[in-house]
Amino acid sequence: MEFKQRIEELLKQPLTPIRVQSLQVNLGYLCNMACSHCHVSAGPGRTEVMTKDTVDEVLALLRAEQIMTLDITGGAPELNPHFRYLVQEAKKTGCHVVVHSNLTVFFEPGLEHLPQFYQDHDAEITASLPCYLDSGVDSARGKGTYHKSVEALRQLNHLGYGDGKAGRKLNLVYNPSGPFLPPEQKRLEEDYRRELAARQGITFDRLFVFANMPVGRFRKQLERAGALQQYCDLLEQAFNPSTLTGLMCRHLISVGWDGTLYDCDFNQGLGLGLQHIRDFDRDRLAGREIMTGGHCYGCTAGQGST
Ligand code: SF4
C-alpha cells in the first residue's frame, strides 16, 4: 500500500507537522569519507557546500524565529569553511547546537582543534559508529575508520563528553551493514556500553538505532544487487503506527546546502524541495502537507528511525 494512503487511513488526514522546534542544516555533501549507507551520497569529490550568504540566511532565521535546536549535518559539516562561524553565531541566539560528526574528520589537516571547539561551544555530538568492533566499522566506512573513531571518542571523553551527566552529550548512531532491520535499541545500547567500556575505555550517553533508508548510495547498492524491492517490502511489512508522532519531519525543517527547505534530510537526498529559506513562512510551513513516498517506510519500520 502507498505510504500516503496508509497514513490517511490511520490519521484520517495527510501527514502534517506537529511543532517545528529544530532547524536541520546540511552544510554540504563534501566529506572525507564515502560511507556505503550515506543517503546524500557524500564524499571527497562532492563540491556542493553552503555559502556564507546562505549561512547568514540560516542565522537570520534563528534570530527571527523561536528555534530551540540547530542540528548541523552534511557530508562532514566541519569541512565547510563557514562551519565555525555558524556554530559561534548560532550559540549567541541561545539555541542548542547538535553536530553530526563522522569523528574521523578530527584528523584532517587543520581540524585537530575540533574537540576543544565543541567543548568551548557546548555542542552536542552525534556520531556514526556502526559497530563496537573494528571489522564492522571498517567494512562499512573504510579501512582505518574504527581506529580513528575510537581515538576521537577518547578525546571527547577526556573533555567531559559522554559521562552521562547533563551537558556535553555524546551520542552514537548504529545502522545495519546491509538490507535488514536493526536490532532493538535498548539491548544494543547495553551491548555498546559494555563492549566499548571493556575494550576501549569509552563512555557515551545514548545509542540511536536507525534502519538504512532506500535513498542515495544505499539505494544504488540495492539496485545493483537486485534487492531494492525486497528491502522496500521488508520496511513496509514492519510498519509501526506508534512511530508516527515522533517522525523527524513533524518536528523540524531541513535546510539544504543551497538554501532549499525540505521536510527532512531524506527528502533532501531525493530532491523533494519545498521553497527557499529566504521565503520562510512559519504559518505556511506549519500547515503544509509533508511530502511522503515509499522511502518513508524506512522511518516507520519496527521501532522507528527518526
Ligand atoms: S522520510 Fe521519514 S522523516 Fe522524511 S518525510 Fe518521510 S517519514 Fe518523514
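Biologist: Where does the ligand sit?
Modeller: In the largest cavity. Keep in mind that this is a predicted model.

Biologist: Which residues surround the ligand?
Modeller: Met213, Leu247, Cys249, Cys264, Phe266, Asn267, Ile290, Met291, His295, Cys296 and Cys299.

Biologist: And how does that shell split by class?
Modeller: The shell around the ligand has 9 nonpolar and 2 polar residues. No charged residues are in that shell.

Biologist: How many cavities does the structure hold at 30 Å³ or more?
Modeller: There are 2 of them.

Biologist: What volume does the largest cavity have?
Modeller: About 110 Å³. Of its 15 lining residues, Cys249, Cys264, Phe266, Cys296 and Cys299 are the closest to the centre. Those five also belong to the set surrounding the ligand.

Biologist: What classes make up the lining of the largest cavity?
Modeller: The lining divides into 12 nonpolar and 3 polar residues, with no charged ones.

Biologist: Switching to the second largest cavity. What's its volume?
Modeller: About 40 Å³.

Biologist: Which residues line the second largest cavity?
Modeller: Lys4, Ile7, Glu8, Pro14, Leu15, Glu289, Ile290 and Thr292. Ile290 is also one of the residues around the ligand.

Biologist: And the classes in the lining of the second largest cavity? What are the counts?
Modeller: That lining has 4 nonpolar, 1 polar and 3 charged residues.

Terms used: Residues are numbered from 1 along each chain as its sequence is written. This is a predicted model: local features need pLDDT of at least 70, side-chain atom pairs count only at pLDDT 80 or more; totals for chains, interfaces and linings use all residues. Side-chain values use heavy atoms; hydrogens and water are left out. A residue is near a molecule or strand if one of its heavy atoms lies within 4 Å of it. On a 1 Å grid over the protein atoms alone, a cavity is a set of points where a 1.4 Å probe fits but cannot get out, and a pocket is an open set with protein on both sides within 12 Å along at least five of seven lines; lining residues have an atom within 4 Å of a point. A molecule sits in a cavity or pocket if more than half of its atoms lie within 2 Å of its grid points. Ala, Val, Leu, Ile, Met, Phe, Trp, Tyr, Cys and Pro count as nonpolar, Asp, Glu, Lys and Arg as charged, and the others, Gly among them, as polar. Grid points are joined across faces, edges and corners, and a volume is the space filled by probe spheres set on the points.
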